[in-house]
Structures are given as structure tokens and as C-alpha cells.
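Reader: I have a protein model to study and some questions to ask. Could you take me through them one by one?

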Amino acid sequence: MTGTPGADQPHEPDPVPDPVPDQPADDATVVAPPARAALALHYSAISDVGRIRKDNQDSGYAGPWLLSVCDGVGGAARGDIASSTAISELRNLDAAPRPPGDGHPGDPDVLDRVTDALHEAHAQIGRLVDADPAINGTSTTATVALFDGRRLGIGHVGDSRAYLFRDNEISQLTTDHTFVQSLIDEGRITEAEARVHPHRNLILKALDGIHEAEPDLFVLELVAGDRLLLCSDGASGVLDDGRLADVLSMGTPDFAAVELVRASLEAGSSDNVTCIVADVVDAETAAADPAFAELEPLLVGAAAELKRKLPRGLFRGHRSGDTGELEPIDAEIPGDVPFAIPSDPLLPPDPEAARYAPIPPPRHTWLRRVMLLVIVVGLLWIGAAAAWSYVQQQYYIGEEDGVVVIHHGLNASLPGLELSDVVVVTTLAVDDLEEFDRESVRDGIPVDDLAEARERVEELAAKRTTSSAADGGGAS
């Protein structure tokens, strides 16, 4: 994409009026500017699977009227399905608002549209779970910014985030719906401690199709020169506000989005990373810049990947009904040449020549036998190496001396041969777990990797902590 008009050029800040009445009361208070001309968005979006995850469960969408990031939750329950489903519903918002006229009442208020879309995404995930119980437990965060030409209607559930970069200062617009955020709000831990807290991945609200999660809703007034950032926690979890501001202060939306993903991965992010950056420019500047004419909606992450995996026809053409096949062409072979390839094996041989042709004696019989033996041994070695490699990539959560441990290998054994060993011993007693979790641990809980194993242990500990708090009357 080309450069964003006004993104790197200084502009005179508008006067600071009173805060917007329905803006959440937090440290991200955004002020409403005076009336002005209509605005436009110059946007870019990028999503990266990261350096640890094997699949991308983030989904993102950026268009002229809608910016949205969804971060799937669920692991084996396919969080990518939840995030891509939510984006598929939310992207229907990407349309210019229709004012009243010609006998119709016009579009609903921007926040009403956001609310309806989030509820529909929530319901669609529920329908998918009903149709396929195997994905029960899937859910997704959702951060939505709907543009109406002057302001944003923002809806938020989960721990993806929206930021505003205005006059070289960054403000976090959304508040995380997480366990550690509740501890921050109570003053029990700091922001820095939250980044390394063992339960930092526990989300309290998400779209799962089962539990009604009332989204945070508010309106943000925009001014030309604003820069918006929507991102998953793969970025916000490792980059503090100062680093985010540094990146947002330079370059085009394309540059900023790519640099944010790169900086997140270099900072050690272990999650998928999705970033959407959008510059706010006045309509006159947008109309005069040819780059805006080339902007198209961007679909990134799991939503784009699942779309590419849909079945396609054998032939694809660029016109409706076109199979993509080429029209026949006239032969360019000279008329006096009987075959295009003189040595064509399909050429019929002379029967008499074939009958009396000498048959060569077999040669190097011992060499063929040695080569066959080498091939057989090589295949056996490859099979053994593949089996060993598979065993080395397996992990499961089990019990050892009454505590929860993480095993490396298969949850099985052969006579005289152990197929697993303990790599992590926790302090979590198995008897302290709920009955279902206790039996699951004793039977062995399979996981994909060590990182997922640690997350599952943290979830078990959190459930135990929650149960203990409930038994104790909720005392903190």
C-alpha cells in the first residue's frame, strides 16, 4: 500500500471539549472535537501465526467502515472456528451508514448496529456448537470499531485491545475482561506484574454461544490525524504503551502494522499476533490521494485461511461460466514429419524385428540384491526414526507422587521400555482438584506441546482456586 496522507505530517490539534458522555470511565478518556467535515480511514491489517503456535486462531478484518480483531480460544476445541465465524458475521457491518430518507428510517445508531452484530456472532457460534459437539468449549474475543464518517462505535469482549494514538500520545480505549485485570482494578497487582502472572490467560468474557457476555460499548469521536490500533493479546501482552507509541508514531499503516508484528515476535510473544492500524484523514485528502482508490477490505488470520481451504472446482476461469480451458490451436508440425517426437514409444515396432531381437543377459545381480537390502534397511530406519520423533513430540498431564506433573512422551509403556518421562513437577496436589479433573489427570490429559501443557495446568489450578474461594464464602 502507498503512504497514508497526513500520517507523518504534523497537524494542529483541535480544541479539547468535554469528554463523550458514554465513554467508559478509565484512563483512556477521549475527548470530543467540534463539528467538522466527514472523515475517512486508511487502513492495513496483518496476522502472523507466531513462532510457537502451529495454527493461527486469530481473525481480523479491516475495511472502509469496519475494523475488527477476534482472538479464538479453545485449543483442541478449535478457537479458529470461533474467531472466523465471528468475523464472518461482523464483516456485514462494513457498509456506509444510510441516512433517513425515501420512506425508510435509515440505519440504527452505530452502537445498536455493533450490539446486534456481536449478538448475532454469539448466536452463530452457538449454532455451530449445537451442530458439532466436538467443538464445545470454543470461544473468541471480539473488538469491533464501526466507523460512520465522524466517529467510532466500539464494542469489546475479551482481551483483544483498541488503542488511540493522538497528538503523539497513546490511550488504551478498551479494558480487558481477564482475571489479572480484575486484580489490577482491585490494586492487588501492577500492570508489569500482570504480564508475568501465571493466570494472565484466564478470560472472563468471550463469545461462546452459551454464556451471554454483555460487551462494553462506547462512542469515540475522531479527528483528522488520529491513528487507531486494534490488536490481539499476542501484541499487547508483550509490548507496553511506550513501545506501541514508538511504532505508531512513524510510517504508513502498512509499515506500522508489519513493525508491530515484528516487534511482538522479537519481544518473545508465544501467541498468534494480529494488528490492524488505521489512519483518520479528512474526506478531501482521501479523495485527492489515489492510494484510497486502491484500498480493498482485508481479511486476515484464521478467517482468511479457512476461506482458502473451501473446496473449489477443477477448472477456474475469470469469466462467469468460463472453465479456464484454452481454445484449440492449429498444429505447427510440418506435413512431411509423421510424428512430433521421432522416438515416440507409442510408435508401433516392426513385429519381425521384435521377434528376433537379442535379449541381454542379466547383469550385476548381486548389486541389485545389495541395493534392495539397503533400501529395506533404510525404510526400517526411517520408520524407526519417525516413530521416535513422534514420541519425542508428545506430552501429557498426569500424576506422580500425588501431584500434577507433565510427562514427555506417550501415555503408554512396553515391557522393559518406558515411553515417557517427567519433565515438569508442579506443586498442585491431585486430591485438591475437582473430581472430574482429578480422574482426567490420573487417566492422562494429552496436549500438543509443553506450552499447552503449562496452560492446562494453570487452568486446573485456577479452577481449584475458584472452587476454594466459593467454598470459603468468596473471601479474598
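This is a predicted model: local features need pLDDT of at least 70, side-chain atom pairs count only at pLDDT 80 or more; totals for chains, interfaces and linings use all residues.

Reader: How many bridges join β13 to β14?

Author: Strand β14 spans residues 403-414. It runs antiparallel to β13. The number of bridges joining β13 to β14 is 6.

Reader: What phi does aspartate 401 take in the hairpin of β13 and β14?

Author: Most residues other than glycine have a negative phi. Aspartate 401 takes a positive one. The hairpin of β13 and β14 has 2 residues between its strands. The phi of aspartate 401 there is near 55 degrees.

Reader: Where is aspartate 167 found?

Author: Aspartate 167 has a positive phi, near 50 degrees, and is not a glycine. Strand β7 covers 161-166, and β8 covers 169-172. Aspartate 167 is found in the loop between β7 and β8.

Reader: Is asparagine 168 buried or exposed?

Author: Asparagine 168 lies in the loop between β7 and β8. Its phi is positive, about 65 degrees, although it is not a glycine. The cut-off for exposed is over 50% relative accessible area. Asparagine 168 has 64%, so it counts as exposed.

Reader: Why does aspartate 167 count as partly exposed?

Author: Partly exposed lies between two cut-offs: under 20% is buried, and over 50% is exposed. Aspartate 167 falls between them because its relative accessibility is 40%.

Reader: Which residues gather with Asp246 in a patch of negative charge?

Author: Aspartate 246 sits in helix α6, residues 241-248. It is partly exposed, with a relative accessible area of 43%. Patch members need over 30%. The patch is on the surface, and with Asp246 it holds Glu191, Asp240 and Asp241.

Reader: How far apart in space are proline 97 and phenylalanine 147?

Author: Proline 97 is in the loop between α1 (79-90) and α2 (110-131). At 31% relative accessibility, proline 97 counts as partly exposed. In sequence, proline 97 and phenylalanine 147 are 50 residues apart. In space, C-alpha to C-alpha, they are 8.7 Å apart.

How values were computed
Residues are numbered from 1 along each chain as its sequence is written. Side-chain values use heavy atoms; hydrogens and water are left out. Patches are made of residues with over 30% relative accessible area and no salt bridge: like charges are joined within 9 Å, nonpolar side chains (Val, Leu, Ile, Met, Phe, Trp, Tyr) within 5 Å. Accessible areas come from the Shrake-Rupley method with a 1.4 Å probe; for residues, only the protein chains shown count as cover. A salt bridge is a side-chain nitrogen of Lys or Arg within 4 Å of a carboxyl oxygen of Asp or Glu. Lys and Arg count as positive and Asp and Glu as negative; His and the chain ends are not counted. The place of a charge is taken as NZ of Lys, CZ of Arg, CG of Asp or CD of Glu. Helices (H or I, at least four residues) and strands (E, at least two) are DSSP runs, numbered from the N terminus. Buried means under 20% relative accessible area, exposed over 50%, partly exposed in between (1.4 Å probe, protein chains only). Two strands pair if DSSP finds at least two bridges between them.
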